[in-house]
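Q: I would like to learn how to read the strands of a sheet. Could you take me through the pairing step by step?

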Amino acid sequence: MKFRVYRYDPELGQKPRMQEFEVETHRGMMLRDALKAIKAQDETFAFRHSCGEGVCGSDGVNVNGTNKLACVTAIADLKEPIEVRPFPGRPVVRDLVVDMTQFYEQYKAVEPWLKRKEPTPEQEILQSPADRDKLLGPQALLTAYRFLADSRDQASAERMDFLEGPYKLFRCHSIMNCVEVCPKGLNPTKAIGHIKEMMLKDSV
Ligand code: FES
């Protein structure tokens with residue numbers, strides 16, 4: 001199958017280009033396998049991957065215009081030529097490898113850990129299934145909601161204060177782009193809506 005892959009090495013001082021590769025595919029082959037096959041053809045080609053099970057998110061790439069995790073994307077479902085580009089919106093370090101510094105800074109900014117006013121007990125803090133049902137998934141605002149909805153966390157007011165202002169929660173215009181492209185099928189827009197509701201309730 002034909003692949004067109006984004007190549008860029010800022011150290012070489014050349015413009016980014018698309019390079020064609022021919023990869024022999026097999027039944028059940030995933031995009032990550034194809035990228036490994038490309039790497040075997042050209043050692044200088046760079047891409048990230050780790051778990052191979054759709055968990056770590058390190059192999060997020062843009063395939064034929066859609067963001068996907070390469071390890072859980074079946075080649076058979078893709079149209080040829082398969083065009084693979086780096087994950088958009090982040091500076092390219094090399095080829096498909098992007099700089100994730102800002103992503104981790106944003107993630108850290110929402111303080112994604114339980115905060116308790118009561119002393120931390122020796123053992124785990126148990127939670128009922130009903131409490132847990134309110135929780136949603138990852139990254140900045142989605143993670144913020146994960147802790148706001150956690151009955152064991154006791155810093156809701158501080159968390160909501162932090163999310164005030166035009167460049168955090170209210171920067172989201174609910175156009176659902178994140179939901180559409182999320183390779184893990186998560187719904188940050190819904191979580192953001194929940195936080196907005198919480199803030200409204202808190203202000204009346
Ligand atoms: Fe971890 Fe794909 S390699 S999600």
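Q: Which residue does Arg-4 stand opposite in β5?
A: Strands of a sheet pair through backbone hydrogen bonds, either parallel or antiparallel. In this predicted model, Arg-4 stands opposite Glu-83 of β5, and the strands β1 and β5 (residues 82-86) run parallel, joined by three bridges.

Q: How many bridges join β1 to β2, and do these strands run parallel or antiparallel?
A: Strand β1 (residues 2-7) and strand β2 (residues 17-22) run antiparallel and are joined by six bridges; within this pairing, Val-5 has Gln-19 of β2 as its bridge partner.

Q: Which residue in β4 is the bridge partner of Val-61?
A: The partner of Val-61 is Lys-68 in β4, and the pairing to which strand β3 (residues 60-63) and β4 belong is antiparallel, with four bridges.

Q: What is the order of the strands in the sheet?
A: The five strands form an open sheet in the order β2-β1-β5-β3-β4, and the pairing is mixed. Because β2 and β4 (66-69) stand at the edges with a single partner strand each, one side of each is left without a neighbour in the sheet. On average, neighbouring strands of this sheet are turned by 35 degrees against each other, direction ignored.

Q: Where does helix α1 lie, and at what angle to β1 does this helix run?
A: In a regular strand the side chains alternate between the two faces of the sheet. Helix α1 (residues 31-41) lies across β1, β2 and β3, and runs at about 70 degrees to β1.

How values were computed: Residues are numbered from 1 along each chain as its sequence is written. This is a predicted model: local features need pLDDT of at least 70, side-chain atom pairs count only at pLDDT 80 or more; totals for chains, interfaces and linings use all residues. Two strands pair if DSSP finds at least two bridges between them. Helices (H or I, at least four residues) and strands (E, at least two) are DSSP runs, numbered from the N terminus. Axes are lines fitted to C-alpha atoms, for helices over the stretch in contact, and angles run from 0 to 180 degrees between N-to-C directions. Two residues are in contact if their C-beta atoms, placed from the backbone, lie within 7 Å.
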